[in-house]
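Student: I have a model open and want to go through some side chains. Can we take them one by one?

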Amino acid sequence: MSGEVPAYDVAVIGAGVNGAGIARDAALRGLRVLVLDKNDMCSGTSAVSSRLIHGGLRYLEYGEIPLVYESLHERRRLRRNAAHLVEPIRISIPVFSAARRGPWLIRLGMIAYDLLSLGKSMPGHEMLSRDRIRSEEPGMLDDGLLGAARYFDAQVTYAERLVLENLLAARSAGAEIRTYCEVREIRACDGRVEALAYDDSDGNRIEVKVQSIVNASGPWVDEILKTAPRVAKRFVGGTKGSHIVVGRFNGAPGDAFYVEAAADGRPFFIIPWNDQFLIGTTDIRYEESLDHIRASRAEVDYLLAETNRVFPQANLTRADIHFAYAGVRPLPHREAGPESAITRRHIIKVNRNIAKGLISIIGGKLTTYRNLAEQTVDKLARVLRRKLPGCRTRDTLLPGAWGIEQAREQLAASGFLTPAGRKRLLAVYGGRAADIITLAASDPELQQAMGGEGRLIAAEVVFVIREEFASTLADIVFRRMMIGFDADQGRSLYAEIAARAAAEFAWTNEKTEREIAALIEYADSFRVT
Ligand SMILES: Cc1cc2nc3c(=O)[nH]c(=O)nc-3n(C[C@H](O)[C@H](O)[C@H](O)COP(=O)(O)OP(=O)(O)OC[C@H]3O[C@@H](n4cnc5c(N)ncnc54)[C@H](O)[C@@H]3O)c2cc1C
């Protein structure tokens with residue numbers, strides 16, 4: 001292939017939050033970008049987090065001050081640039097007499113957190129007496145309770161949409177995005193990246209010439225490097241984290257809670273999320289298959305037991321769990337030591353020993369993806385020996401953050417949805433909800449209510465297929481419309497959505513049946529048995 005002009009300046013492997021952020025930044029700076037993911041976008045770690053945009057209070061214990069500082073600054077930017085997706089969340093930390101972390105340590109942590117978020121847009125912390133927290137959260141364990149700390153962080157209910165909007169912005173700036181394309185080989189010539197080969201969704205092997213590659217495949221980073229001409233040392237040693245999702249329970253808190261587990265002293269979250277409660281996480285070294293990660297029985301029992309301990313009237317059992325999810329943190333590989341002590345800082349590794357023009361991303365959080373992307377593209381400019389314009393993502397709104405107020409007015413005037421339906425559409429699509437209403441207005445068929453409650457309209461299904469490159473029913477339900485994370489996983493709507501998608505894609509009956517079966521299998525994979 002030598003001698004041909006490369007079709008792309010950079011191929012980004014992986015459309016998780018980091019790959020999507022890097023693609024957006026690189027495309028906005030004028031690079032010709034190709035993004036490849038072996039599944040849909042946001043189908044790896046970025047979809048299984050605690051969904052917090054946070055400074056990481058716990059990282060203070062490990063002296064990761066620069067990471068907390070960076071995270072708190074990025075939190076502020078995301079609140080502005082993705083205002084429709086990132087909301088403030090109030091978090092309480094109860095302090096018990098038997099806990100490892102006493103009231104003074106917690107207070108010190110709170111003060112440091114406030115100081116590191118100077119210039120912040122959220123209120124500072126508060127220390128609450130025993131009586132006050134008791135009166136505000138009467139369902140909480142009383143035994144040994146000394147008081148509580150309260151502070152603000154932020155939550156991204158639909159992290160999938162944050163990733164998607166980065167990809168939409170990348171695409172508007174000229175990037176090409178190909179999902180269901182699995183990278184199989186990195187080729188080099190004279191020690192420099194020259195091309196990569198991937199299998200497309202029909203199983204065809206495709207080769208593209210590229211000048212550089214960013215390996216942003218999260219926990220799969222080492223697997224990608226194995227396809228390069230030279231063998232690399234191991235970079236990623238992931239730890240597994242699981243969450244369970246339950247409905248409102250007896251004595252449930254009004255706020256999010258950050259609680260020290262009695263079993264191992266590890267803090268975990270109980271977070272109001274998507275009209276339910278998201279409870280997690282665990283942190284366990286993981287060496288098994290990265291493609292089939294499930295919450296284990298022991299992890300589920302641990303999260304149930306710890307929640308029941310702090311909220312004694314909850315009496316939660318496995319039968320109360322709507323669904324669970326698990327994933328692997330792509331952390332730097334460490335042979336030994338406690339999982340919680342492995343650094344959460346990201347590393348942007350220039351793999352010049354393997355092939356010039358190859359960069360791998362190790363670690364990175366949802367919260368800091370934008371800064372990671374900026375640093376990666378700065379490094380890429382040096383690797384490509386190109387003078388690129390400065391980063392533009394610090395102050396540029398994501399696509400759905402534009403025109404939210406106009407969309408709200410247009411929705412109210414349209415009369416297509418109930419108030420709850422309108423609220424939901426804005427929460428998922430931000431200002432782009434107006435485009436769904438415009439599409440519906442163009443065709444009476446698309447104005448039909450789905451599910452009969454006026455909560456959804458048919459135009460939404462067509463919109464995510466035409467505008468958001470959804471290609472399977474699971475893409476539509478779980479990573480575009482987000483109803484896959486309703487208490488019933490949106491199951492009552494599968495048949496209607498399938499019929500609408502089948503008409504749009506011109507699927508045969510057989511293909512539609514196969515798609516429905518695959519969707520049900522996917523939804524079942526989140527169930528706890
Ligand atoms: C339990 C848990 C809780 C967390 N909570 C938080 C939190 O509250 N806040 C926060 O900021 N961070 C949190 N994190 C961290 C954060 O979620 C991750 O670090 C981040 O999402 C990693 O994103 P990524 O893009 O690097 O990887 P991923 O999201 O895993 O993306 C990698 C992509 O690469 C693709 N890929 C793999 N192999 C190939 C191939 N051969 N060809 C093409 N594509 C391929 C995959 O399909 C995948 O889509 C949490 C992580 C975990 C596990």
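Student: Which side chain makes a polar contact with the side chain of Asp-199 at 2.6 Å?

Tutor: This is a predicted model: local features need pLDDT of at least 70, side-chain atom pairs count only at pLDDT 80 or more, and totals for chains, interfaces and linings use all residues. Residues are numbered from 1 along each chain as its sequence is written, and side-chain values use heavy atoms, leaving out hydrogens and water. A polar contact is a pair of N or O atoms within 3.5 Å; within protein, one must be able to donate a hydrogen and the other to accept it, and residues adjacent in sequence count only if both atoms are side-chain atoms. At 2.6 Å, the partner of Asp-199 is Arg-205.

Student: Is Asp-199 buried or exposed?

Tutor: Buried means under 20% relative accessible area, exposed over 50%, and partly exposed in between (1.4 Å probe, protein chains only). Asp-199 has a relative accessible area of 14%, so Asp-199 is buried.

Student: How many disulfides does the structure hold?

Tutor: A disulfide needs a pair of cysteine sulfur atoms within 2.5 Å. For Cys-181, the closest cysteine sulfur is in Cys-42, 17 Å away, so that is too far for a bond. The structure's disulfide count is zero.

Student: Where is Ala-449 found?

Tutor: Strands (E, at least two residues) are DSSP runs, like helices (H or I, at least four), numbered from the N terminus. The run here covers residues 449–450, so Ala-449 is in strand 19.
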